[in-house]
Amino acid sequence: MATETLLKTNKYSKYISYRKILYHRFFVGLLLFIVVSLVFTVLFNVYAGNSPRTEIYKAVNLDLVSLEVRKIKINSPYSEPRNTNCTYWSCFNVYKCGRGGHDKITIYIYPLKEYRTDDDRLISQLSREFYEILDTIRHSKYYTANPEEACLLVPSIDTLNQNTFSSEHVSQALYSLEHWNNGENHLIFNMLPGTAPNYETVVKLNTSKAIIAGSGFDTWTFRYGFDISLPLYSHIATGIDNTQPKQKNYLIISTQQNIPDDYLAELQNIASSSNDLLLLGKCKAESNRMDHTKRCEYTTGRVFNYPDILKEGLFCLVVRSARLTQSVLMDILASQCIPIIVADTIVLPFNSHVDWHRISLYIPEENIKNLLRIVHSVSKERRGELYWQLRWVYERYFASIKQITLTTLEIINEKVFPLAARMYEEWNMPEHLYGPVNPLFLPVTAPKSPGFTAVILTYDRVESLFILIRKLVKTPSLAKILVVWNNQKKAPPPSSEWPVINKPLKVIRTKENKLSNRFFPYDEIETECQLTIDDDIVMLTPDELEFGFDVWREFPDRIVGFPSRLHVWDNVTASWKYHSEWTNQISMVLTGAAFHHKIWSWYYTYKMPAEIRSWVDEYFNCEDIAMNFLVANITRKPPIKVTPRKKFKCPECTNTEMLSADARHMSQRSGCIDRFARIYGNMALKPVEFRADPLQYRENSGIPQLYPDIGAL
Amino acid sequence: MQAKKRYILLLFSCSLLIVYIYSNGFLLKSKFVQNSRREQLPTFATLDELYEAPSRQKRSPQSIVKSCRMETCFDFSKCGDDPKVYVYPTDGPVSATYRKVLSVIRESKYATRDPNEACLFLPAVDTLDADPLSSEHIPDVAQRLSRLPHWKNGRNHLVFNLYAGTWPDYAENALGFDSGEAILARASASETIFRDGFDISLPLFHKEHPERGGAAPAATANPFPAPKKHLLAFKGKRYVHGIGSETRNSLWHLHDGNNLILVTTCRHGKSWKDLRDERCDEDNREYDKFDYEQLLSNSTFCLVARGRRLGSYRFLEALAAGCVPVLLSNGWRLPFDERIDWRRAVIWADERLLLQVPELVRSVPPERILALRQQTQLLWEQYFSSIEKIVFTTVELLFERILAHRSSRQRDALIWNASPGALGTLATYGDSRAHFPVTAIAPVAPPAPSPPPVPLPVPSVPSTAPPPTLGESFTALLYVQATSPALHKLLANIASSEFCEKVVLVWDSERAAPTLKSLPRMAGDDRDPLPVVVIDATTHYPGEGVSARWQPLWAIPTAAVFSLDGDAPLLAEELDFAFQVWQHFPERIVGYPARSHYWDEAKGAWGYSSKWGGAYSMVLPGAALVHRAALALYGAAAPALRLAVRRARNCEDILLNCLVAHYTRRPPLKLAQRRRYKPAHHRHRSSWTDPEHFVQRQSCLNTFAAAWGYMPLMRSILRLDPILFKDPVSTLRKKYRKMELLTS
């Protein structure tokens, strides 16, 4: 036996030495290979030092000094005409996107060049606004210097104004672009499309498959879900500040100088019979030069300053003219005057995301004669909604070229990455006016069968905890008990000591002794409803709990529970006070024994202002008040107190033992209410005068009661 | 040595600094130069260009033919303030589905029998299925359409189509007829063929889709995070060849048998074996392992992949099951996307990026899933669960366009996309959400600066006053058939109520109406007398019967309406407490007399009971608060329902309960303990003790349930009491003391 093993080891060691040599050789070879390849790359890099490859990754140079001149030959080929059937699905190449992360498009800008014709004329005049568009993209988070990984490409040829570029030559220049590829994934900006006499509603340019971000589209030229409708930028608007006069002096103002004659006649008709419409037009100037800062009333000739006069109107009129969009729309928005838009088939700026119904009135052209009737029928509530929304929308989406460009990019980004999309409310509902969105908005009575999970926060009161557990399990709808063991020094009692019950029970040991632990959305809570309960609340009967759960089912987005409190304003100290006397009102339901949806635990942990959560954990108090504030602030609904019960703890317990009887504790809680109200910026809590009782409470009609055992106090 | 080193270091750093400053200055200079150059750039357009006026007086008529828009192809002049639909009489073959569509409209409030007052025409020619290979296909559609007396190239006509095109290419424009200027309500429309703002996109629904009622939402629970067995599911056939087959053919790549269940089969049609490919057998094996219904309810996301056409039945099936649709159908215009914001309820995937779908669905955060799932249920319940709802939504969309054209108003986007939805909100009632009983009361925006006083009279027709918003007071709306001591007592109690702003007394009796202008206050109450308006129902609303009690909305200046029977023995305290509660539940009926309904197994019908046990489902508006908008809805209820009330001269209170429950899907709220809301000793023969009366109400309940196709009432087990109600504490502590003393 021994020799055999010896032989074996011998063989083995031999084998090992052989392997050693192999390894050695391999590593030496590897080292050599690495060194050689390093030398090669260095050599190659030095050799190809000035190759274009390194230049590509340099950010586009937007200096206006010494631009490269590019000649467009007279017979160079044109790009294909605009593809009228393009959709996002057929003309946009998604495979090019997604290289800048999974929620962000990448944009490349072609180098800025001076394109000239053979006879040395500029084919397009670079404007300040176009320059700013490029500059915004260049400094946005979407920019990439590498055309190979770009999802969108922006030609740096100014096509904003149809009058200032030669559409033939630009079509040729587009074709000559390095990555043109039939316009795929290219973005063309335009503000003034069409020229006299027809004023086409889309830029006259061979854009083939390129996306057009332009203003002045009508519903025929706008390619749904593909093009982006822009506002017609007005540099007058940027000079308008956000101040407002105390009183609006005019109901409707029209300042437009280019209203078509037939509509002007109708408006003059209205203005002559009513004071509600202030109709302004050109001033009969002495000099030949038009003064764009003055407007004159048609009949009286009274002179007004433009754009200041816009602020004095509650409604301002925008009528289509040669083109569908008018730059005056931006002046009106900036002046916080509610626009009345008269332009059939217009595609309004950013209409896919900005809800124009919230900021404007739209009147069909043939209805212009009913202008007054329509404006008078607008209720004061809607006037308020429109008015307060205007400046907010303007500043977010229209205030500058930068804002306009970024909004355009964001809309494209949302199309490519639908998960990055912001919801309607985020685009259109200012939170300072409408508040946050309730995450539980479906009007349902929650199903009974899943039951609820009781979450008990405990430290070391094992005895009362066990009593509570034994009582809880008698509630039919209880699905599970979760004990959150907050004592870091002591381990929970061994499983043999726990009461034997017929419902699942799980103990979770926390890592830190924090009050907020009771609101952690543990995975173990599998029901939508959780009963948060203190370990010493042992007086609730199974009927009371079952009834509480049934009430919660009817109001699943509220806190439904037993102990109630009130907040009152103290005039002496000018602060909020916490009130626990037996009053006729309540505004809070304490989470010492309350049902609520699990989502609120999640909100408490992840969405609540961090300031509040840290305060609660630091001072070891007010977690229940914080929860009431959180829910009331989001839902704008009060909690519901269930059944008359007002005493919860063991009757023989002395008051000195209880935390909440402490006077300091009480003043601290008053301070909490004050502090939380300040953090939220308003007092979210609302007092109510009702509580929920079983339908047959205190009745003896002979019909058996559904919840017979409801305690009195 | 050390010092030298230091000096060198100092010198070195100094020189570095100098170089840095110098280069920086240079940079700054160049930046300055660049900035000034940027300033020198011209603006893109001069003001003269921006203010360009048309050269000709009228805009040039469009020379090229463009597709239809409402402005060009619809005659708005035919539509008044209350637009109507005319349905042609049926002659010729009509499929079962289209018959349901027709009957739903014919029996609706939109219908008219007079083509001259109609704004919209619905041909009784079945255009649903344009596929000649289908058994439901009706031939000669084109001819029969053009023979319609009011056709006029389809102007103001509405044409429904579910299936366009046929094998092999399923061309979308192959309808078998020229729709001309008719509005097409079509399923499976693509972005390219869809006339935006003119056509209406429909969902594809089964032949078995219920005419009315429809399945209630399946997913009423909102667990968080959603504990579903599967993440993504799809079970369906694949076509192996031809249009639309690519996407489904490659689904098997994603199937992992656990989290992602994507199973397909080649078995369909008679000749599937001839077209089979090498994967068919394996696919079929996997396919048979899973049950479709189970997959729907056990999975968070459901793939809705295009079939031959862009739309598929799967979309509605997923919606109904609360399974969030993940769309793989490039270019599809989703149903009613004109107003429904689908971003809230579906995930758009891209057929071209099929393999990214698993990652896409994995990266949806749980709170978004919760919102998506709720929205699927909301939309399903509001717009899709029955043919009636789909057709009504189509009509409402069209009528809203007409309303927008006439009076420049439309429903808010949030009304369409939140509860109770567009069908539960009258388009003509109010123009702000503040006018409706929204569950979450958004703080009303502060008012705009007040408009200037109008010195000259407005020349146009007087507009109707906008409806009131939730305020601090209510209007008592009394329905009185005879004077009695009880009435006088009630009026006195109303006068001492804290929150009553006005009394509207609807007098429905042969006798002359009393003249009453105001109610005096109690002694010691220094408020002005309470204004009263008496409305004689027999002259104002002849033939309306009991429904007349909620007709005079014009006289009601508050959103809160306390609907009272003339002899209801309500205390002032009870009135005020009810109002305090109602302010927190403006969308519900909040009041005192509760009733209950139950299913009577023996009779196989619904029963009506005033002897409730532990639950109730109705609170009678003989003493209850209702939102004014709900009463407006009552005025616009379906003709069949109103007819039932008129015939019975009864049940208007049951109908109101059913209506509110139908639209809000919430039960009413009963207050306090008292049961008896009629004076105990009634001199007249009380209808409440009359067994006949009871039978009638029972039959009403069954009529209503039949008209809706389901029983809309919902039950509740709780009542709301004042906080210290009947508590063994001193009465002095209590606010509502007299309520304590009431015995049932």
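This is a predicted model: local features need pLDDT of at least 70, side-chain atom pairs count only at pLDDT 80 or more; totals for chains, interfaces and linings use all residues.
Ground rules: I number residues from 1 along each chain as its sequence is written, with chains lettered from A in the order in which they are written. Local features need pLDDT of at least 70 and side-chain atom pairs 80 or more, while totals for chains, interfaces and linings use all residues; side-chain values use heavy atoms, without hydrogens and water.

**Interface.** I looked up contacts (heavy atoms within 4.5 Å) and got 157 residues of chain A against 143 of chain B. The buried area is about 13,100 Å², with 57% from carbon and sulfur atoms; that is accessible area, 1.4 Å probe, lost on putting the two parts together and summed over both.

**Salt bridges.** I find 10 across the interface, taking a side-chain nitrogen of Lys or Arg within 4 Å of a carboxyl oxygen of Asp or Glu. One of them pairs B:Arg344 with A:Glu425, closest N and O atoms 3.0 Å apart.

**Strands.** Strands are DSSP runs (E, at least two residues), numbered from the N terminus, and two of them pair if DSSP finds at least two bridges. Here A:Ala692 has B:Leu720 as its bridge partner.

**Rings.** I get 52 aromatic pairs over all chains, counting Phe, Tyr and Trp (six-membered ring) with centres within 6.5 Å; planes under 30 degrees apart are stacked, over 60 edge-to-face, the rest tilted. A:Trp89 and B:Trp348 sit 5.6 Å apart by ring centres with planes at 35°, so I log the pair as tilted.

Notes: Helices (H or I, at least four residues) and strands (E, at least two) are DSSP runs, numbered from the N terminus.
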